[in-house]
Every structure is written in C-alpha cells, then in structure tokens.
Amino acid sequence: MAAPRILALESSCDETACAVVEGLFVRASVVASQVELHAQFGGVVPELASRHHLTAAVPVVREALARAGVGFEWFDAIGVTEGPGLVGALLVAVQLARGLSLATGLPLVGVHHMEGHLVSPFLGDADSPPAEFAPHLALSVSGGHSELVHVQALGRYEVLGSTRDDAAGEAFDKAAKLLGLGYPGGPVIDRLAADGDPTAVPFPRAMLGSRENLEFSFSGLKTAVAVYVDQHGQPSSRQALADVCASFQAAVVAVLVAKLRAARRRVGTSLVTIVGGVSANSGLRTALAEAATRDGFTLRAPPLRYCGDNAAMIGGAAALRWAAGLRREPPVEVYASLALDEGRARDG
Ligand code: KG4
Ligand code: ZN
C-alpha cells in the first residue's frame, strides 16, 4: 500500500497547526503559536485560545497546502486531534476537519494527542529520514503529561507510570513563575541552567526510593523552589539564578532518567524514545544519551521542531492508523480527557 496522504489538524491547546504528510514523511508543517498571547497571563487562557484558533485555523491550512504544493484532491484522508485537551480549543480543528470532509468527501481519522507525540520521533522530512514505527518504551513529558508508556504496537499502549500531581513541564512552568521568569518556563530555565551549578541547591528528588514504583511526583519540588525563594529571596545575580535553575533542572532530570531506566529494565525493550515539549530539554537529552550508552539501548528523540505541539505528529499517527485499518466509529469526537491505554474509555 502506498503511504497514506494525510491533511492533519491540531488545536488541542495553544498551538494552531496544520501539516501535510505522506506516511511518516512530512511535506509541510505549519504551527501558529499563541505563546506570546498567553505569556502575559502566566499560562494558557482557554477562552482566548479558542478564539485565536478560530482566526488562525484557515490560514494555517492554506499555508500548509501552499508549502507542500498540493490541493485537496491529493489526499487520502484528514487526520485531526480529538482529545485530550481544552474542549473549546479542540472543537476548532475538529469542526474545520468535519467541514472539509463534507466539502471534499475525504474521510476523517481521529487521533489521540499523546499518540501523536508517541509517533513524533519516527517522523522524517527533507532534513532527516523517517524511521519505521517499532515497539519501544516512551518517556512522554509535556505541560500536561508525564508518563512512561510501553508501546507494544500502534494502539496498544501500557502506561507503566505517570505523575501523581504536576506534569514535568508544569513543574518547569511553575518554578519559572516563582523565579519571575515568565511563561513558558521550560525553555528559559533550560537556557539559564547551562551556565549554572547543578549541585548549588539540594532540591528533592521525589519517589526515587523504590525501583518498582514508576510513578512521578513534582509538586514537592515546586514547593521546595517556593520555600527557597521565601528564605533566600529572588536570586540576586545572574549566576545565582543560573545555579537555582541548574539545580532545579538536575532534580527533574534525575527523577525522569532513574524512572526510565527502571522501566526499561522491566520491559526489556532496546528502543527508547522521549517525546513532548520537555523532550526539548538539553539536560534531559544529554543525561538520556549517557544512560543509553551505559545501559545499551537506542534512544530516539524527535527533532526540536516536532517536540512541542504540531500537526505533523497527528498526521503521522493518522497515516499509521489509516494504513492499519484502525479507524474508529464515529471517526471523530471531542474529548476533554481521553485515556491512552483504555481504547474508547472517554468522558468527553
Ligand atoms: O508538548 P507541549 O508543547 O504541550 C503540551 O501538550 O503540554 O509541552 C509544553 C511544555 C511546557 O510546560 C514547556 O515549559 C515545556 O514543555 N518545555 C520545556 C522545554 N521546552 C518546552 N521544558 C523543559 N525544557 C525545555 N527546553
Ligand atoms: Zn502536546
């Protein structure tokens, strides 16, 4: 079967995105980020996100088609994120996809947002070739999720552990807020940490006690940063700030790496991926590359352009679903929460 040609749409949070893919090969990926809009409020404001998706959605589709140099007749199907996410935000891409489907006759393929992230390390484009989607262990870390997932096959996922409270990206965002660094916190902490001493502040490494326990907890670390700022005040020099950032990042990375190594020993896979916004973190990438050498596994991380939310990953997942005949009925709904490993267990 020829690689399915998918027009993909994503609007689950604060990125309006459209992509044109052929199997896992990305011909065009357009992302309109609202990050500057939400930064002034210190986080994503759902109502504003929905309104901006409405104005951005049609232009990103036009732009993706123009960059790929194709028209609607080129495609086999339309892929769209159906959850989890902000309902008002999700609705924009889903309704646009439904409208395009009515107008063109193209069938719809609904995609779980996290399945898109799981596919992202296997995407390729003119700059790097795609790879075959194979069984693996994934560390999925974003603003809303921190999960260790055993990917047995497309659609067959076992969540081995997840966060009990804050997600890893949320911890970066909250720590950055406490340090007066603005939103989103991950990229700025990552940048500052490069010049800091990771041993300067002994921040806690939660839930490292047992190898069996693959759960995460990051809210204690956030509290530790709050207590530090309370006791010492805001770091008074750039170096002091870099030291706090490096120490914070080291604590997050130590927990993620330890849990991932324990999970890999349990499932015995030779392929490991990191996905989601936090997979862009340079400290995490370096530490995992070292662990890969030490433990003898292969690490795949998406290129930075596919770490954060994008539609290329949704297109890749839709292409794999289309090729495998894994299309659901009804093909597309909208779900605020949606379990990755429970098939159609949804609460919309
Ligand atoms: O996957 P994503 O774009 O959106 C969600 O689905 O949540 O992830 C966004 C999260 C934010 O919390 C952001 O602070 C974090 O990813 N992030 C990072 C880095 N770049 C983005 N965290 C740590 N280091 C980074 N370089
Ligand atoms: Zn995401």
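Visitor: Between which strand and which helix is the loop that holds Pro 84?
Guide: This is a predicted model, in which local features need pLDDT of at least 70, side-chain atom pairs count only at pLDDT 80 or more, and totals for chains, interfaces and linings use all residues. Residues are numbered from 1 along each chain as its sequence is written, chains are lettered from A and ligands numbered from 1 in the order in which they are written, and side-chain values use heavy atoms, with hydrogens and water left out. Helices (H or I, at least four residues) and strands (E, at least two) are DSSP runs, numbered from the N terminus. Pro 84 lies in the loop between strand E4 (77-83) and helix H3 (87-104).

Visitor: Is the peptide bond from Gly 83 to Pro 84 cis or trans?
Guide: Most peptide bonds are trans. For the bond from Gly 83 to Pro 84, omega is near -10 degrees, and the bond is cis.

Visitor: What is omega for the peptide bond from Tyr 183 to Pro 184?
Guide: Pro 184 sits in the loop between H5 and H6. The bond that joins Tyr 183 to Pro 184 is cis, with omega near -5 degrees.

Visitor: How are H5 and H6 oriented to each other?
Guide: Axes are lines fitted to C-alpha atoms, for helices over the stretch in contact, and angles run from 0 to 180 degrees between N-to-C directions. The two axes come within 8 Å and cross at roughly 70 degrees. Angles under 35 degrees count as roughly parallel, over 145 as roughly antiparallel, 65 to 115 as roughly perpendicular and the rest as oblique. H5 and H6 are therefore roughly perpendicular.

Visitor: Which residues in H6 meet H5?
Guide: Contact means heavy atoms within 4.5 Å. From H5 come Phe 172, Asp 173, Ala 175 and Ala 176, and they meet Gly 185, Gly 186 and Ile 189.

Visitor: How are H5 and H8 oriented to each other?
Guide: Helix H5 (residues 168-178) and helix H8 (residues 238-267) pack with axes 11 Å apart, at an angle of about 170 degrees. They are therefore roughly antiparallel.

Visitor: How far is Asp 173 from an oxygen atom of ligand 1?
Guide: Ligand 1 is surrounded by 20 residues (a heavy atom within 4 Å), and Asp 173 is one of the closest. A polar contact is a pair of N or O atoms within 3.5 Å; within protein, one must be able to donate a hydrogen and the other to accept it, and residues adjacent in sequence count only if both atoms are side-chain atoms. A backbone N or O atom of Gly 143 lies 2.8 Å from a ligand oxygen. For a side-chain N or O atom of Asp 173, the distance is 2.7 Å.

Visitor: Which element gives the most to the shell around ligand 1?
Guide: The elements that give two or more residues are helix H4 (113-119), H5 and helix H6 (185-193). With four residues, the element that gives the most is H6.

Note on methods: Near = heavy atom within 4 Å.
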